[in-house]
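Reader: I would like a close look at a single part of this model. Please keep it brisk.

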Amino acid sequence: MSETALRILPHTEEGVAEGAHLITNGDLVAFPTETVYGLGADARNGRAVAAIYDTKGRPSFNPLIVHVADLSAAREIAEFSPQAHLLARLFWPGPLTLVLPLHEGHGLSSLVTAGLATVALRVPVHPAAQALLHAVGGPVAAPSANLSGRISPTTAAHVNKGLRGKSVGVLDAGPCTVGLESTIVAPGHPPRLLRAGGTPVEEIERALSMPLASAGEGISAPGQLSSHYAPAQKVRLNAAAPTSDEVFLGFGPMDATLNLSTAGDLSEAAANLFDYLHRLDEADAPIAVAPIPDKGLGRAINDRLRRAAAPRSSSGAPGV
Ligand code: TXA
Ligand code: MG
């Protein structure tokens, strides 16, 4: 891979249009928000979302934050309770992310949500992010635009330094003002704080006239908070072939109930992973999984599969 500098797009009408064009085409564009620079991809395109994990070198598939231009775009994707609506009205656009139940027909790639029934949504206030989201006209998944385990970037130069040599455009609109990721809240009874960040917790509590519970409070069953979809069925890994009572999740050229990628392409496999696990889970039979090479995105796929195959506690929750 060449170590060339990233393609810098200026914060002009042309630069924004080009960034939007790249995203719509399934490419990655780093863009500024008020918190940090995000590494953006079309949230409906599983291959593009897989490229985010690949580019960051993330060893696991955490669900990603989905960025939209405004509340009405957010309502097309998720369900807003009165409490969620109040928070959105008061803090959007701005550094607050809300975790909300997905609507039927939301259109997001299951890789964005890690197969969950909820989605983390955010409406950034930064004018360059706003311009890009309007130009894309659809949801953009974006974690911070750094290599996994490194410091979040707050300038285009940081992004360039961290992701040099990768196939990524960067919309450069100067330094971020907040410099710290968004606060993440899951509305509900009680509302829960999932991550402290750019919107002060006190302001949210004042708006709701109640304290935010910490992520673990009020949770009865262990594993309920596990941020990954876990199949109800037993999962057997590195299977050369299924037994007669198993369904088979294949990889590469082979017969299988469902095949993550007959071509053996790890990006395609990542894009299909959660959707196929859901579908096989519905078959009501134990799931055997073909070996997946443990390199590149294969490491994240195997991490996820190991969690799916981990012994269950008595509540049926994954024992992670
Ligand atoms: O400031 C920010 O929020 C930045 C900028 C780029 O917008 N974005 C960011 O995104 O930090 P990301 O994708 O790295 O944040 C992911 C975090 C996960 O670690 C997880 O805690 C939470 O969002 N998350 C996402 N979906 C979730 C879900 N369905 N349930 C619970 N937590 C979720
Ligand atoms: Mg990050």
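How many residues surround ligand 1, and which are the closest?

Author: This is a predicted model, in which local features need pLDDT of at least 70, side-chain atom pairs count only at pLDDT 80 or more, and totals for chains, interfaces and linings use all residues. Residues are numbered from 1 along each chain as its sequence is written, chains are lettered from A and ligands numbered from 1 in the order in which they are written, and side-chain values use heavy atoms, with hydrogens and water left out.

Ligand 1 is surrounded by 20 residues. The closest are Thr-35, His-67, Thr-118, Arg-122 and Ser-182. A residue is near a molecule if one of its heavy atoms lies within 4 Å of it.

Next, the shell by class. It has eleven nonpolar, five polar and four charged residues. Here Ala, Val, Leu, Ile, Met, Phe, Trp, Tyr, Cys and Pro count as nonpolar; Asp, Glu, Lys and Arg count as charged; the others, Gly among them, count as polar.

Now the strands. β4 (65–67), β6 (118–122) and β10 (192–195) each supply at least two residues of the shell. β6 gives the most, with three residues. Strands are DSSP runs of E with at least two residues, and helices are runs of H or I with at least four, numbered from the N terminus.

Then the polar contacts, which are pairs of N or O atoms within 3.5 Å; within protein, one must be able to donate a hydrogen and the other to accept it, and residues adjacent in sequence count only if both atoms are side-chain atoms. The side chain of Arg-122 places an N or O atom 2.9 Å from an oxygen atom of ligand 1. Ile-65 uses a backbone N or O atom, 3.0 Å from a ligand oxygen. Ala-142 also uses a backbone N or O atom, at 3.3 Å from an oxygen atom of ligand 1. On its own, ligand 1 has 680 Å² of accessible area, and the protein covers 87% of that. Accessible areas come from the Shrake-Rupley method with a 1.4 Å probe; for residues, only the protein chains shown count as cover.

Pro-190 lies in the loop between β9 (183–186) and β10. The peptide bond from His-189 to Pro-190 is cis, with omega near 0 degrees. Most peptide bonds are trans. Another cis bond runs from Trp-92 to Pro-93, with omega near -10 degrees. Pro-93 is found in the loop between α4 (82–91) and β5 (96–101).
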